[in-house]
Amino acid sequence: MSKSRLIKTGLVLAAFAVVPAVLVGFDKGYYYQIATLAAIFMLLAASLHLVTGVAGLLQLGHAAFYGVGAYVAAILGADHGVGFTVGLPLAGLSAAAIAFLVALPTMRLMSIYFAVATLAIGQMLYLVFLNWVDLTNGPNGVMLFSGINLFGIEIESDLGIYYVVAAVVAVSILVLNRLSHSYYGNALRSLREDDQCASAMGINVTVMKIQAFVISSFFAGIAGALWAYTTGYISPNDFHFSQSILILTMVVVGGLGSLPGVLIGALLLILLPEALRSVGDIRNIIVGLVMFGSILFLPKGLFGEVSALNFARRLLGANWSNDEGQKGIGWK
Amino acid sequence: MTAILELDGLTRAFGGLKAVDNVTTRVDHGELFGLIGPNGAGKTTLFNLISGFTPPSSGEVRFKGEKITGLSAHQIAHKGMSRTFQNLRVFPNMTVFDNISVGALGMLGVGPFSSLFGRSSHAKEISERSWEMLEKVGLADHADDLAANLSYGKRKYLEIARALAMKPDLLILDEPAAGMNDSETTELARFITGLNKEGLTIMLVEHDMGLVMGICERLVVLASGRKIADDVPAVVRQDPGVLAAYLGGDEE
Amino acid sequence: MLDPYILQQLAIGLSLGMIYALMAIGFTLIFGVLNVVNFAHGEIYTIGAFAGLMVISVFGPPLLVVLFIALATGALAGFGLERLAFRPFRRFSDEASLKSRAMREATLMSSLAMSIIAREAMEMIFGSQFQSVDLAYLINKPIGIGPITIVNGDLIIFGITVVMLGGLQWLLKKSPVGLSIRAVSNNALGAKYCGINTDRTIIITFVIGSAMGALAGILVGLYYGAIFPSMGFTPGIKAFVAMVMGGLSSIPGAVISAIILGLSESLSTSFMSSVWSDMVAYAFLLLTLIFFPQGLFGARRERV
């Protein structure tokens, strides 16, 4: 088990290290942008994987927490001169704190009701990004010129920035991997499979769900900060509902519950539209098609441990059997 | 003998219907206790009242002398009560080992930080317990199989093993023999008796009279939510009320 | 006497609420029959608006014809949607009830995918900017009533919604089709055993619901004079909120909630900037989910 984990770790690190070597060959800033974007979305997908793929909570507002991280990093950097080393963790913690606040009342909601609640929360945060002009500069977005300053060293080259992003993403993904492939991950999986049964095993379902949601949002916040530092400009549209759906599609396509699958899903959905750029801006339509196709033809995703549909069924196994007959009775 | 579980005037009404009506009884330490009744007698509701899945309309449940009504299911589990489900609720997309580990880790507790930094203090214990239970029910060879791929009978044992991994003081089995043939039921009876011999208090909720009559030391019979008998099997078997409730007695 | 400004806002809110109601009915009908959330409902609304726009710019027929075309296009789109995003997942339904939670979440995602595809396709064809509508068709001619000024669109929207609601009520209560819709909604399997063609009933439900959604789309397009591919997203969410507030499968509940929502949004602009008015709907949604899981009118009896 540890051996295979070592191999996996090695593969992830190698991929991150080899990519720039190839990119140097092309010597084009554009490729760095794509590589950085891909790395950031891999982290977003991996963080959503924890809450949706492993713990089985359908989260439709992930991009908003990504946005919280980005705005915290950008505003702290632009208005208060807070640099990368402090801004990055603060961005993650802010996203986690907001996630904690919204999780408290919504965690008891089941299934699609939870999904819809996260959608509403995502939209509310989006409205804040868009309309709280004093804080977020509204639709004009925030410019961040400071870039990445690592312990006094200004990192300016494309390669350097890429390595910083890749390092943060790699460490975060390893943490998420560790969390989802441990006894802790087993506890989260048991919620996905049958939360009522898990509670009979002595698991505090609500607390576990809140933890998963908060951890996932923390890493979304980290991804947001990386986005802000690398692009130097953020605007509300970067964190629109459609971005949440993009991330969700990565998780569904890659396979619910499978981290490698999810990472490949992220790469696919970032690189495919870029490769097809000549055809026009069709990223979103590809997202829609890929999502539809994978639900219809690949219910388990590319590598999933759970079929998207089976997952839903078990997730709700709680009152599966007494659904129709005892509508008025149900438990609780 | 001291009581491990006491039910006191337990009632649960759904609308006008009393699914469980004023049930009072006790289970003693080390006992192999049976709760039976025809379909719709309120067994599962009573079971859900005991394990905290349904709040009672009135009455109370005491476990090890402590009132547990109003506690949530996971709190009751932590007091040392463990249950299985009537309709086989293993975690299908997890391996057999992982299934059992959930029973152990639920009780021992596992947090995100302890599993990140170094060996969790409980990790070793979780693993040992899980293997112990796997051996006990004879599923060690299937440790890495998905639970969904096990046969029906093996999944039954997996569910029991998962409950045992909680190291409970009281194990409540909800219709464990449902869907089993005669020889499987006999083997299950032997297994349950064995667990009881090791000192575990067991409450068996059953529809099938045969299994319960054969192995239980004491029985409570429910009909239409009310307790109609509470005695040793030999007496219950002769009870005219019980025979009437089962419409002509135990043909099973 | 109420402040004229408040009265004015009430009139606007009522129109808004009527539009939400038209859309919420579609949601509610579909939820009632299949227990699924149709995420593509907002795109049906957009399709209705674009269908009307195209008819106007090509033929320039009378308003009533435009509305009928939108209605018909919506019906067709609803039929197609059911075929593509819902029918294929019927195989995941639970044998015992013909509805299932697996199907629910699968169709939630498939309809979401459909909505993305439809919206993006419209953007590719028409571009993402506002399409202007022939001024002659706009329904914003002012009418003064005492201290306030409404537009003829307010009256038209009110009238049409009332007619549609009445028609729907008649359909559900008096016609055989309505009977089968109510039967499938109550107990799909039972209805099937009674010889009701459930597949056909489901299609009819989608057709009726989508037709009303598309009608709402063209009405709003003509009311504001702005038609664009992503116009359906926000009203779609609002209508969904109304459905949840109304108790998920209660049509009167959804209609009343939609009107409450429209009025509150419109009144909220008197004490906060209108850019925040969307916040009202999201707040309503969260509060309803958390505090009134049964819906405001207690129609739903299900753990959420």
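## Annotated spans in chain C

An unreviewed UniProt entry lists "transmembrane region" for residues 12-37, 44-60, 150-172, 202-227, 239-263 and 275-297 of chain C. The model you have here is a predicted one, so here is how two of those spans look in it.

Residues 12-37 of chain C are 88% helix and 0% strand, and the C-alpha atoms at the ends of this span are 28 Å apart. For residues 150-172 of chain C, the make-up is 91% helix and 9% strand, with 33 Å between the end C-alpha atoms.

## Where chain B meets chain A

Let's turn to the other two chains. Here, 34 residues of chain B are in contact with 32 residues of chain A. On the chain B side, helices H2 (73-79), H3 (96-108), H4 (112-116) and H5 (123-136) each supply at least two residues. H3(B) gives the most, with seven residues. Sorted by class, the side of chain B that touches chain A has 17 nonpolar, 14 polar and three charged residues.

## A helix pair in chain A

Within chain A, helix H8 (residues 183-200) packs with helix H9 (residues 205-231) at an angle of about 155°, and their axes are 10 Å apart. Because angles over 145 degrees count as roughly antiparallel, H8(A) is roughly antiparallel to H9(A). Their crossing is left-handed.

Which residues make the contact? From H8(A) come A:Ala187, A:Leu188, A:Leu191, A:Asp195, A:Ala198 and A:Ser199, while H9(A) brings A:Val205, A:Met208, A:Lys209 and A:Ala212. By class, the contact of H8(A) with H9(A) has seven nonpolar, one polar and two charged residues.

Notes
Residues numbered from 1 in each chain as written. Chains lettered and ligands numbered in written order. Predicted model: local features only at pLDDT ≥ 70, side-chain atom pairs only at ≥ 80, totals over all residues. Axes fitted to C-alpha atoms, helices over the stretch in contact; angles between N-to-C directions. Helix = DSSP H or I, 4+ residues; strand = E, 2+ residues; numbered from the N terminus. Parallel < 35°, antiparallel > 145°, perpendicular 65-115°, else oblique. Left-handed = near helix turned anticlockwise from the far one by under 90°. Contact = placed C-beta atoms within 7 Å. Nonpolar A, V, L, I, M, F, W, Y, C, P; charged D, E, K, R; others polar. UniProt positions renumbered as here; feature names shortened; annotations may be inferred.
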